[in-house]
Amino acid sequence: MNLSPVPREVCRRVSDLRACIEQANYRYYVLDEPDLPDADYDRMMRELEALEADYPTLVTPDSPTRRVGAAPACGFGKVRHALPMLSLDNAFAQPLSQDADDSVRFAEVFHFVQRIEEAIKQHDPLFSVEPKLDGLAVSLRYEQGRLVCGATRGDGEMGEDVTANVRTIRAIPLRLRGHGWPQVLEVRGEVIMLRRDFEALNEHARRQGEKTMANPRNAAAGSLRQLDSRITAHRRLSFFAYAVGVVEGTELPDSQFASLQCLCRWGLPIAPDIATARGFAGLIAYFRDIAAGRDTLPYDIDGVVYKLDDRAGQRILGFVARAPRWAIAHKFPAQEESTTVTAINIQIGRTGVATPVAQLVPVQVAGVTVGKASLHNADQVMRLDVRVGDSVIVRRAGDVIPEVVRVISGRRLANARPWQMPELCPVCHSKLMREEGTAAWRCSGELICAAQRKETLIHFASRRAMNIDGLGERFIEALVDFGYVHTPADLYKLDLHDFLEMKRRADARDGTMPETAKQGKAAARWAHNLLAGIKASRPTGLANFLFALGIAHVGQSTAKMLAKWVGSLARLRAMPVLLLRVLPDIGSEVAVSIVTFFAQKGNCQVVDELLAAGVHLNDEGPPEPAWRQRLSLAVLLRMADITGLGPRNSALLAQLFPTLDAIVDAGAATWSRAGVPAKAVHALETFLADPVMLAQLRTA
């Protein structure tokens, strides 16, 4: 700590850093035009923190470094609002036909506008209109341009003092920008969490094995009400201003919309979709416009808000109970509803991924009848603990597939059983395999599963695989849709008549005009060329063929390595996991995937049919000589992943007992006397007692 006078250049640097950091916050949160990379922002913040640590007399309450959060508080104090924080009356669209007159479908809004027109004696008055943000309402009090207090709405009269937490939100200026602001200014607004920040928060929670948040609103509310403001500081919250409370010392414009523009100039962010609209027709047009783009917004909203723009008119209308007569919230249809899970089925995607899907008692969500909802993956089912018979909350946002977001645990039936991922694919009955290190399960019947058929064939025919010239996605889809092809082997059974008939049916389905004689000749040339392309693909290399089979985790480079080291398809088909793991860059996941693929009867049948149809591998040969050098007993023992039997103990056993039979004959007591730890001895004994594992070692 430096207690000597502060050098002038340090004062200038501190001032410059604060100005740059606050300007960066303003551009990011208010203008939505960031121009400073995060790394530069962080470097400036660290430099400012260091200078303030060296020269503590430079520290001010509105310094950007004061946002970092303080130690936990024992509780929140109470704050009485100088002006009550009112709620709004709600209006809902009636569930009528889209053809119904707007004044009937939106009757509550229509009557709201009528009442205002009668009160202020004006037709089609101007309204300030804005999205209804789905977060936590707060009030910010500025005195002489400095933030002195932040409070929640509470009951409207009394809220909680969350000043320490509010100060951590970068979107909220600690000192107002520019000039002309009132001596006292209370700003009302919404603390929210942007969708991208909500996803990042939940992804971090999932990685840490912690509970995830249900939605951005809960995340924002929970983050702002943390007793430890350091936690709030690490959760990226945002803020949008939408109104003012007490104003002393300067008059704001006599317009709601113009007042919000003032707040924006003073550094307070306002929602970018705030606008003005005239009369009932203008309000409904704005409602429809926001509803259409709702799912593209960076934040959650649950409706729009209409406020008479003229403050003089607001004063004439006044208030009723705890709501203003001059404002109303026009709510969207509910995006969340409760219903009951009747079954949990597995849906196989185009790439073989197995997705649990909840079958539901049909319910109206966001204006659409929902009868099923995604559960994403098995881990999500376990996290939510969804069971057949459970009452659940289902969410639907626009065109996004409905999803189950939580279980109403208090309504669970006594006999409800936990769900488990089934063992077999519901489409082709091949084994479902979990991908190592991920939440995804996948059907192992790559070549025979009907759900994967189109994707399998598109990949098989692609340039880097079998390179069948002219066979594009459109015609593959038609071949599958019209039943000409079920597996890749069927491609080599097609003739000229099949292709011409398929093309005619595809053109008719797609609305193409009936073919002329000239078009018929062109189609015949196309079919001949395609047959030639299929014929030309029959001779191919082992690497291309392995890649074309679409074995999970076997990409182009892995296929080339397998072809080089193993040398032949027959040799690869017979190899156990243990032997595959000795190859370069082949871990357990890839080895298991290869063995599982060739263990599936249907996959083997398709491979055999391809070979019988004339596909031949023109570069097969002996295995790589260096492979044999890798196949020492010590390496094989290490690759067997026997618990506790690491490289040192594997080498020790191989040194003392030159063959596998010698190790087996020696027995556990001899291994122990040789210095193998008791844990490794027990694990090795268990491993060798398994005839399958022992057979793998013997084969290697």
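Two strands pair if DSSP finds at least two bridges between them. Helices (H or I, at least four residues) and strands (E, at least two) are DSSP runs, numbered from the N terminus. This briefing concerns a predicted model, in which local features need pLDDT of at least 70, side-chain atom pairs count only at pLDDT 80 or more, and totals for chains, interfaces and linings use all residues. Residues are numbered from 1 along each chain as its sequence is written, and side-chain values use heavy atoms, with hydrogens and water left out.

- In E10, tyrosine 306 is the bridge partner of valine 129, while in E9 the bridge partner of valine 129 is alanine 275.
- Strand E3 (residues 126–133) has 7 of its 8 residues buried (under 20% relative accessible area, with a 1.4 Å probe and protein chains only), so it is largely enclosed by the rest of the structure.
- With strand E10 (residues 301–308), E3 pairs in the antiparallel sense over 6 bridges.
- The pairing of E3 with strand E9 (residues 275–278) is also antiparallel and runs over 4 bridges.

**The sheet**

- An open sheet is formed by 5 strands in the order E2-E13-E10-E3-E9, with mixed pairing.
- Its edge strands, each pairing on one side only, are strand E2 (90–92) and E9.
- On average, neighbouring strands of this sheet are turned by 35° against each other, direction ignored.
- Helix H9 (residues 256–265) packs on the sheet and is in contact (heavy atoms within 4.5 Å) with E3, E9 and E10; the direction of H9 makes about 55° with that of E3.

**Helix H7**

- Pro216, Ala219, Ala220, Ala221, Ser223 and Leu224 are the buried residues of helix H7 (residues 216–224).
- The elements covering these residues include strand E4 (136–143), helix H5 (163–166), strand E7 (184–192), helix H6 (195–207) and helix H8 (229–233).

**Helices H14 and H15**

- The axes of helix H14 (residues 473–481) and helix H15 (residues 496–509) come within 10 Å and cross at roughly 100°; axes are lines fitted to C-alpha atoms, for helices over the stretch in contact, and angles run from 0 to 180 degrees between N-to-C directions.
- H14 and H15 are therefore roughly perpendicular to each other, a term that covers angles of 65 to 115 degrees.
- From H14, the contact involves Arg474, Phe475, Ala478, Leu479 and Asp481; from H15, it involves Phe499, Met502, Lys503, Ala506, Asp507 and Arg509.

How values were computed:
Angles under 35 degrees count as roughly parallel, over 145 as roughly antiparallel, 65 to 115 as roughly perpendicular and the rest as oblique. Buried means under 20% relative accessible area, exposed over 50%, partly exposed in between (1.4 Å probe, protein chains only).
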